[in-house]
Amino acid sequence: MGSDQTLHHHHVLLVSFPSQGHVNPLLRLAKHLASKGLLATFSSTHHIIHKIHKSTGHVQPIDIGGGRLRFESFTDGWEDHDDPRRSDLNVYIPQFQTVGHDSFVQLVKKHSESGTPVSCIISNPFIPWVSDVAAELGIPCALLWVQSCFVYSVYYHYFHNLASFPTVDQPNKSVELPGLPTLESDEIPSFLHPVYSPDKRVLKDVILGQFKNLEKTFCVLVDSFEELERESLKPLLSSAPIIRPIGPLYKWKEEKDVRGDMWSAAEECIEWLDSKPVGSVVYVSFGSVAVLEQQSMEEITRGLLNCGQPFLWVVRPPPKESSKGGGRLPDWLVQQADGKGLVVQWCPQERVLAHPSVACFITHCGWNSSMEILSSGVPIVAAPQWGDQVTNAKFLTDVYGVGVRLLRSENDLNTFSSERVANCIVEVTKGPKAEEFKKNALKWKKAADDAAREGGTSYNNLDKFVMEVQALKQGLCTSEEDPHQS
């Protein structure tokens with residue numbers, strides 16, 4: 001294998017917003033690009049790279065296929081890895097946009113001075129300033145959109161004023177968009193709703209900032225696949241930049257097991273699953289961000305106990321500033337659950353969903369989890385809270401037909417009951433429509449497998465992107481070319 005200098009002709013620098021849900025798909029993409037013969041440098045803040053190193057040890061350069069994967073970091077200005085200000089997005093995002101911006105510029109310039117100049121920069125949502133840096137330095141830039149094509153379409157139409165959305169005067173107005181089913185007012189990404197909580201308004205601003213900067217990117221890669229989103233994609237085919245679905249990224253064959261987990265996965269959960277009957281376990285996870293209040297935790301626990309099936313529940317330790325009892329299982333409930341379920345802080349979710357003992361998944365419907373659901377053949381109970389989760393839940397249940405909704409949004413968190421939890425589990429595992437849910441789930445699993453294998457739509461789309469990167473480096477492709485000719 002050659003040195004980094006021999007690979008520098010095609011050096012891709014990937015930069016991730018410092019969040020688990022953004023790190024995972026971008027690191028998967030970095031591994032795939034390295035396997036195609038590129039030098040891929042994965043970067044994020046010192047804090048994130050430190051957490052990955054602490055939990056996995058995977059931050060050393062590694063040869064993959066014909067290329068190489070490296071890790072590098074830059075500062076967000078806060079050197080304390082436990083700085084609580086990072087959990088307040090209204091404080092953190094402006095900090096990251098200023099200090100992170102300047103530090104990232106120095107990182108890019110360092111590569112040029114050291115003989116490995118960057119051929120292409122790939123960012124993910126929430127950091128629109130990365131495309132500004134790329135434009136300032138004259139480096140081609142692409143975006144990995146870590147949500148669905150249908151959510152991309154919603155934001156696109158909203159940003160360009162191409163459709164009517166709920167307003168303060170008409171908060172319950174439904175939304176009609178080409179290629180999408182009618183979306184009720186609580187089914188659009190919650191950041192776009194006029195009466196949504198202002199504490200997450202900053203996320204709306206950075207996402208729309210990403211759409212404002214789309215003209216500075218030559219390609220939008222999506223962790224999805226064409227067969228799943230054909231109708232959503234059609235209205236976007238004439239827009240620029242070109243959109244290339246390349247997922248499910250985790251489905252691609254991996255020559256090296258390099259993970260981006262920020263917490264150590266509880267490997268004992270696989271052994272525990274091995275001890276359970278086929279199709280018996282209820283898997284529960286609400287992702288890396290959500291913190292449920294104690295009332296919700298209690299209702300879910302009672303519902304799990306009432307349904308009588310063994311369960312595996314991922315419960316992240318709540319942040320120090322969370323309300324009393326939030327995100328924690330009361331001791332008496334832990335005692336009741338003893339022997340009936342396993343509670344862990346983190347797990348290898350892809351392996352869990354692929355395990356034959358798993359019957360269904362109670363999920364927050366983040367897009368990473370949604371991709372893993374649709375690629376694993378597992379029916380779901382949808383419990384979305386905010387952001388794109390509410391839109392994903394609409395598609396998972398009403399369009400893709402793989403489960404039912406426990407919640408419509410976080411507005412339902414104080415009203416759902418343990419009986420409702422148990423009934424939803426029974427409905428997707430044993431009820432009259434259980435067989436249909438499973439059949440649909442397996443249909444999408446096959447489609448995902450086909451898309452990611454050699455010759456599949458996603459496989460071919462990634463190959464096209466690699467050729468575009470090579471052409472950009474050689475000056476053979478510019479943003480003025482027709483982006484939809486391939």
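Start by selecting Lys216, which is partly exposed at a relative accessible area of 33%. Bear in mind that you are looking at a predicted model.

What is the geometry of the rings of Phe104 and Trp129? Their centres are 6.1 Å apart and the planes make an angle of 70°, so this is an edge-to-face pair. Colour by helix and you'll see Phe104 in α4 (residues 89-113) and Trp129 in α5 (residues 129-137), so the pair ties together parts that are 25 residues apart in sequence. Both are buried: Phe104 has a relative accessible area of 0%, and Trp129 comes in at 6%.

For a ring with a charged partner, go to Tyr459. The charged end of Lys36 sits over this ring, 4.0 Å from the centre.

Back to salt bridges, of which the structure holds 22. Select Lys251 and Asp449, whose closest N and O atoms are 2.8 Å apart. Lys251 is in the loop between β8 (242-245) and α9 (268-274), and Asp449 is in helix α16 (residues 434-452), so the bridge ties together parts that are 198 residues apart in sequence. Lys251 is partly exposed at 25%, as is Asp449 at 21%.

Next, show Asp450 and Arg453, whose side chains meet in a salt bridge at 2.2 Å, N to O. Arg453 is partly exposed, with a relative accessible area of 45%, and Asp450 is partly exposed at 27%. Then bring up Asp186, Glu187, Lys394, Asp398, Arg405 and Arg408: salt bridges with shared partners join them into one network.

Last stop: Ser185, in the loop between α6 (149-159) and α7 (201-212). Is Ser185 buried or exposed? Buried, at 11% relative accessibility. Its side chain reaches the backbone oxygen of Pro171 at 3.5 Å. Beyond its neighbours within four places in sequence, Ser185 is in contact with Pro166, Pro171, Asn172, Lys173, Ser174 and His193.

Methods:
Residues are numbered from 1 along each chain as its sequence is written. This is a predicted model: local features need pLDDT of at least 70, side-chain atom pairs count only at pLDDT 80 or more; totals for chains, interfaces and linings use all residues. Side-chain values use heavy atoms; hydrogens and water are left out. Rings of Phe, Tyr and Trp (its six-membered ring) pair if their centres lie within 6.5 Å; planes under 30 degrees apart count as stacked, over 60 as edge-to-face and the rest as tilted. Helices (H or I, at least four residues) and strands (E, at least two) are DSSP runs, numbered from the N terminus. Buried means under 20% relative accessible area, exposed over 50%, partly exposed in between (1.4 Å probe, protein chains only). A charge sits over a ring if NZ of Lys or CZ of Arg is within 6 Å of the ring centre and within 35 degrees of the ring normal. A polar contact is a pair of N or O atoms within 3.5 Å; within protein, one must be able to donate a hydrogen and the other to accept it, and residues adjacent in sequence count only if both atoms are side-chain atoms. Contact means heavy atoms within 4.5 Å. A salt bridge is a side-chain nitrogen of Lys or Arg within 4 Å of a carboxyl oxygen of Asp or Glu.
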